[in-house]
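Have a look at the sequence and the structure first, and then read on.

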Amino acid sequence: MRLENKVALITGSGSGIGEATAKTFAREGAAVVVVDLDEKGGSRVVSEIRGRSGTAEFYRADVGNPREVEAMIGFATSHFGRLDILHNNAVFTTAGHVGDLTLEGWQKTLDVGLTAYWYATKCAIGAMLPRKYGAIVNTASVSGLAGDYGLGAYNAIKAGVVNLTRVTGIEYARKGIRCNAVCPGPIGTPPLLRMEKARPEIVGRVREAIPMGRLGEPQEIANVVLFLASDEASFVTGAYVVADGGLWAHTGMPSLSGTGPEW
Ligand SMILES: NC(=O)c1ccc[n+]([C@@H]2O[C@H](COP(=O)([O-])OP(=O)(O)OC[C@H]3O[C@@H](n4cnc5c(N)ncnc54)[C@H](O)[C@@H]3O)[C@@H](O)[C@H]2O)c1
């Protein structure tokens with residue numbers, strides 16, 4: 001097992017990518033703290049992990065509230081005695097062109113998707129430094145590497161997460177703490193699946209834009225997070241790994257063969 005005797009905390013793990021990560025970590029031997037706003041989703045994930053003889057606890061927290069971030073890290077260290085792995089993953093986002101975003105939507109997007117990542121990292125570093133051991137993995141996005149029409153606030157937080165990852169990586173590189181990010185492309189988690197039901201033509205266009213011609217699976221991102229969190233990535237820090245079916249490798253130019261990606 002790749003995470004035997006490790007203690008891991010994953011935010012936003014009551015659904016989607018975080019859920020897949022929590023289950024993967026538990027399968028690999030880690031004791032897992034499932035953190036989510038959504039009590040139902042988080043408790044379901046914990047009982048599914050326990051059903052497969054894994055070790056997991058649910059902790060309800062709104063990571064947009066710094067006091068609750070402190071408390072969730074405190075819960076992991078008091079309940080399991082330490083914290084080895086932090087996966088910052090929860091998100092809130094507001095949509096709209098830059099000129100139409102509201103201050104309230106922008107602020108909440110930053111609170112949950114960027115400030116919370118920094119503050120949880122700060123609290124985790126406090127817990128990890130005495131043992132000179134820790135791995136932090138942040139869920140960024142290909143949307144942190146370029147812009148998407150109508151997702152300006154999301155683009156801003158994810159770009160911030162990429163650079164927060166770099167600086168955390170270099171500042172703690174000699175102190176035993178690594179920090180890396182995963183940049184998923186479009187993944188078939190509940191938000192996108194809901195959109196597919198409501199507006200199938202939009203998600204159809206998304207699939208078409210991905211060289212592999214399909215959405216990613218949450219497990220395909222959890223596999224990357226597992227690698228970055230494990231000692232197999234012992235010389236990897238301040239890095240991001242893109243997992244997007246080839247989306248980010250494309251300039252955006254239409255096919256010059258004139259017959260599309262299948263040609
Ligand atoms: N699905 C995609 O296409 C995609 C692509 C790139 C990046 N991502 C990133 O992956 C991460 C997970 O997204 P997902 O697609 O799995 O979404 P999801 O909605 O399935 O899961 C997100 C979870 O976060 C929880 N959450 C939201 N706000 C919270 C808060 N304030 N405090 C605690 N928990 C909170 C939700 O309750 C939910 O359970 C996000 O950072 C997202 O930006 C997703």
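A residue counts as exposed when its relative accessible area is over 50%, as buried when that area is under 20%, and as partly exposed in between. Keep those cut-offs in mind, and remember that this is a predicted model.

**The whole protein**

Let's begin with the overall picture. The protein has eight helices and seven strands. Its radius of gyration is 18 Å, close to the 18 Å that the globule rule gives for 263 residues, so the protein is as compact as a globular protein of that length. Of the 263 residues, 47% count as buried. The protein exposes about 12,900 Å², and carbon and sulfur atoms supply 56% of that area. Among contacts with a separation of 6 or more, 70% are between residues 24 or more positions apart.

Ser53 has a positive value instead, with phi near 65 degrees, and Lys132 has a positive phi near 50 degrees. Where do they sit? Ser53 belongs to the loop between helix H2 (39-51) and strand S3 (55-60), while the loop that holds Lys132 runs between helix H4 (103-128) and strand S5 (134-139). Ser53 has a relative accessible area of 71%, which is over 50%, so Ser53 is exposed. Lys132, at 54%, is exposed by the same cut-off.

Now to the loop between S3 and helix H3 (66-80), where Val63 is found. Is Val63 buried or exposed? Its relative accessibility is 8%, so Val63 counts as buried. Leaving out residues up to four places away in sequence, Val63 touches Thr11, Val35, Val69, Met72, Ala90, Asp111, Val112 and Ala116.

One of those partners, Asp111, lies in helix H4. Asp111 is partly exposed, with a relative accessible area of 27%. Beyond its neighbours within four places in sequence, Asp111 is in contact with Val63, Gly64 and Ala116.

Two pairs linked to these residues are set side by side here, with distances taken from C-alpha to C-alpha.

| Pair | Separation in sequence | C-alpha to C-alpha distance |
|---|---|---|
| Val63 and Asn88 | 25 residues | 9.6 Å |
| Asp111 and Asn65 | 46 residues | 7.7 Å |

**Where H6 meets H7**

The last stop is a pair of helices. At what angle do helix H6 (residues 190-198) and helix H7 (residues 200-209) pack? The angle is about 120 degrees, and the axes are 5 Å apart. That angle makes H6 oblique to H7. On the H6 side the contact is made by Leu192, Met195, Glu196, Lys197 and Ala198, and on the H7 side by Pro200, Ile202, Val203 and Arg207. Sorted by type, the residues of this contact are six nonpolar, three charged and no polar.

Notes: Residues are numbered from 1 along each chain as its sequence is written. This is a predicted model: local features need pLDDT of at least 70, side-chain atom pairs count only at pLDDT 80 or more; totals for chains, interfaces and linings use all residues. Side-chain values use heavy atoms; hydrogens and water are left out. Axes are lines fitted to C-alpha atoms, for helices over the stretch in contact, and angles run from 0 to 180 degrees between N-to-C directions. Helices (H or I, at least four residues) and strands (E, at least two) are DSSP runs, numbered from the N terminus. Angles under 35 degrees count as roughly parallel, over 145 as roughly antiparallel, 65 to 115 as roughly perpendicular and the rest as oblique. Contact means heavy atoms within 4.5 Å. Ala, Val, Leu, Ile, Met, Phe, Trp, Tyr, Cys and Pro count as nonpolar, Asp, Glu, Lys and Arg as charged, and the others, Gly among them, as polar. The radius of gyration is taken over C-alpha atoms; the globule rule is 2.2 Å times the number of residues to the power 0.38. Buried means under 20% relative accessible area, exposed over 50%, partly exposed in between (1.4 Å probe, protein chains only). Accessible areas come from the Shrake-Rupley method with a 1.4 Å probe; for residues, only the protein chains shown count as cover.
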